[in-house]
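Subject: The model, and what turned up in it

Hello,

Here is the structure I promised to pass on. Please open it alongside this email, and my notes follow below.

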Amino acid sequence: MKVVLASKNRHKLEEISKITEKFDFELVLQSDLGVDIDVEENGTTFEENSFIKAEAVMKATGLPALADDSGIAVDALNGEPGIYSARYGFDDSLDDWGRLQLLLKNTEHVPDGQRQAQFVCVITRVTPDGKVIQARGEIHGELLRAPVGENGFGYDPIFYYPEAGMSTAQMRPEEKNKVSHRANALRIFYEKLKEAGYADK
């Protein structure tokens, strides 16, 4: 069975495929099927946006679709940027580095000891017959005051993970992939797939 990943990101495809390869379906990018749609993520939660993306790609292809929605949530900012992590500042001129710098600026006033944050990932699978499987994963840490590390992407350089004693941008990819929010979500997703009757290969 072919399942479409609601993404154009091949890195994300490779990461998620490490879990889905255990099941009897082939995961492909929407772009590999010639699907190029801009989905309006107008939900108010990671769960809603993940579902919106999966459902849109499922309807566009007629195939089961898988989507994830992820971001960073800072306690002192009431969970912001949250679902707007990739659009933080709503300024098209900002790249990942610009959004990272904006978050640092907006948390300058937050004292040490109160800079808790978490990365969140929600994965959703939607099938043409209306079945939905959804899983949420998180990793908890705190914001640094300056970027550290050259691995990872996005907000990784300013996210300190206490269990590792370093930022997630300092962790080797294989280390991060064992404890990341996406890894945690995929583990739960794997269990829910088994519960739904999808047999291992």
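Let me begin with a definition: a salt bridge here is a side-chain nitrogen of Lys or Arg within 4 Å of a carboxyl oxygen of Asp or Glu. By that rule the count comes to 14 salt bridges.

Before the details, a word on where the values come from. This is a predicted model, in which local features need pLDDT of at least 70 and side-chain atom pairs count only at pLDDT 80 or more, while totals for chains, interfaces and linings use all residues. Residues are numbered from 1 along each chain as its sequence is written, and side-chain values use heavy atoms, with hydrogens and water left out.

Salt bridges

Asp-36 pairs with Lys-8, and their closest N and O atoms are 2.6 Å apart. Asp-36 sits in the loop between S2 and helix H2 (46-61) and Lys-8 in the loop between S1 and H1, so this pair ties together parts that are 28 residues apart in sequence. (Helices, H or I of at least four residues, and strands, E of at least two, are DSSP runs numbered from the N terminus.) Asp-36 is exposed, with a relative accessible area of 59%, and Lys-8 is partly exposed at 47%. For those words I use under 20% relative accessible area for buried, over 50% for exposed and partly exposed in between, with a 1.4 Å probe and protein chains only.

Glu-191 is partly exposed at 38% relative accessibility, and Lys-194 is partly exposed at 36%. Elsewhere, salt bridges with shared partners join Glu-41, Lys-53, Asp-69 and Arg-87 into one network.

Glu-138 and its partners

Arg-136 and Glu-138 form a salt bridge through their side chains, 2.9 Å from N to O. Both ends are partly exposed: Arg-136 has 34% relative accessibility and Glu-138 has 27%. The backbone oxygen of Glu-138 is also reached, at 2.8 Å, by the side chain of Asn-184. That is a polar contact, meaning a pair of N or O atoms within 3.5 Å; within protein, one must be able to donate a hydrogen and the other to accept it, and residues adjacent in sequence count only if both atoms are side-chain atoms. Asn-184 belongs to helix H5 (residues 181-195). Leaving out residues up to four places away in sequence, Asn-184 touches Gly-137, Glu-138, Lys-178 and Val-179, where a contact means heavy atoms within 4.5 Å.

The cores

Which residues touch the most other members of the largest nonpolar core? Among its 18 residues they are Leu-5, Ile-16, Leu-27, Leu-66, Ile-123, Phe-189 and Leu-193. At least two residues of this core come from each of strand S1 (2-5), helix H1 (10-20), strand S2 (26-29), strand S5 (116-126), strand S6 (132-143) and H5. H5 gives the most, with five residues. A second, separate core has 16 residues, including Leu-100, Ile-139, Ile-158 and Tyr-161. By nonpolar core I mean a set of buried Ala, Val, Leu, Ile, Met, Phe, Trp, Tyr and Cys residues joined through side-chain atoms within 4.5 Å.

Backbone points to look at

Most residues other than glycine have a negative phi, and most peptide bonds are trans. The peptide bond from Glu-80 to Pro-81, however, is cis, with omega near -5 degrees, and Pro-81 lies in strand S4 (residues 80-81). Asn-78, not a glycine, has a positive phi of about 55 degrees; its place is in the loop between strand S3 (65-74) and S4. Asn-78 counts as exposed, at 75% relative accessibility. Phe-90 likewise has a positive phi, of about 50 degrees, without being a glycine. Phe-90 is in the loop between S4 and helix H3 (96-106), and is exposed with a relative accessible area of 59%.

Pro-128 is partly exposed at 48% relative accessibility. Neighbours within four places in sequence aside, Pro-128 is in contact with Met-58, Gly-62, Leu-63 and Pro-64.

Happy browsing, and best wishes
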